[in-house]
Amino acid sequence: MSALPVFRWRLAPDGYATRRQLRARDLRPGGQDVAAQLERPRRRGRPPLVAYLYRVDLAKPVRPMTPGRWRAHAAMMRARRTCPECRRDAGYVIPPTLGTCVTCAYPEEQRTA
């Protein structure tokens, strides 16, 4: 196994991109391995921040959303909005820290308001 080329932050050569940069161009890594990495130094002896880079010339186009994918996405979002206690659509994504809608999490405060 060969070592990855390491570049300093903001000094990567053209032809490399992070996942986010690929996505902004409507591309995806497409199964390729990480080609290089960026390192951003930090203070006080902390390890550097690392970002993995992929080759743009080997990237593939993002797969289009099919009707089935849209249905699955809508079902997933509906499940995240549905309160497991009262089974109502909260109208927002329920915070995992609460686990229920705000009305069920703080019923005493809802009565006084």
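These legends describe close-up views of a predicted model.

View 1. In general, strands of a sheet pair through backbone hydrogen bonds, either parallel or antiparallel.

**View 2. The parallel pairing of strand 1 with strand 4.** Strand 4 covers residues 36–40. The two strands run in the parallel sense and share 3 bridges.

**View 3. The antiparallel pairings of strand 5.** Strand 5 covers residues 49–55. With strand 4, strand 5 pairs in the antiparallel sense over 5 bridges. Ala36 has Leu53 of strand 5 as its bridge partner. With strand 2, strand 5 is again antiparallel, over 2 bridges. There, Tyr16 has Arg55 as its bridge partner in strand 5.

**View 4. The largest pocket.** The pocket holds about 200 Å³ of space. Its lining includes a run from Trp9 through Arg10, Leu11 and Ala12 to Pro13. Tyr16, Thr18, Gln21 and Arg25 also line the pocket. Leu38, Ala51 and Leu53 complete the list. By class, the lining residues divide into 8 nonpolar, 2 polar and 2 charged.

**View 5. The salt bridge between Arg55 and Asp57.** The model has 2 salt bridges in total. In this one, the closest N and O atoms of Arg55 and Asp57 are 2.7 Å apart. Arg55 is partly exposed, with a relative accessible area of 34%. Asp57 counts as exposed, at 55%. As a general point, side chains of opposite charge can pair when their charged atoms come close.

**View 6. The salt bridge between Arg81 and Asp89.** The side chains meet with an N to O distance of 3.3 Å. Arg81 is partly exposed, at 23% relative accessible area. Asp89 is partly exposed too, at 47% relative accessibility.

View 7. The whole structure contains 0 disulfides. A disulfide is a covalent bond between the sulfur atoms of two cysteines. Cys86 is in no disulfide, and the nearest cysteine sulfur, in Cys83, lies 3.7 Å away. The cut-off for a disulfide is 2.5 Å. Cys86 is partly exposed, with a relative accessible area of 23%. For Cys101, the closest cysteine sulfur is that of Cys104, at 3.5 Å, which is too far for a bond. Cys101 is buried, at 6% relative accessibility.

**View 8. Glu109 in helix 4.** Helix 4 spans residues 107–112, and Glu109 lies within it. Glu109 is partly exposed, with a relative accessible area of 46%. Arg71 is 38 residues from Glu109 along the chain. The C-alpha atoms of these two residues are separated by 36 Å.

Technical notes:
Residues numbered from 1 in each chain as written. Predicted model: local features only at pLDDT ≥ 70, side-chain atom pairs only at ≥ 80, totals over all residues. Heavy atoms only, no water. 1 Å grid on protein atoms, 1.4 Å probe; cavity = no way out; pocket = protein on both sides within 12 Å on 5 of 7 lines; lining within 4 Å. Points joined across faces, edges and corners; volume = space filled by probe spheres on them. Nonpolar A, V, L, I, M, F, W, Y, C, P; charged D, E, K, R; others polar. Pairing = 2+ DSSP bridges. Helix = DSSP H or I, 4+ residues; strand = E, 2+ residues; numbered from the N terminus. Salt bridge = Lys/Arg side-chain N within 4 Å of Asp/Glu carboxyl O. Buried < 20%, exposed > 50% of the residue type's maximum accessible area, 1.4 Å probe, protein only.
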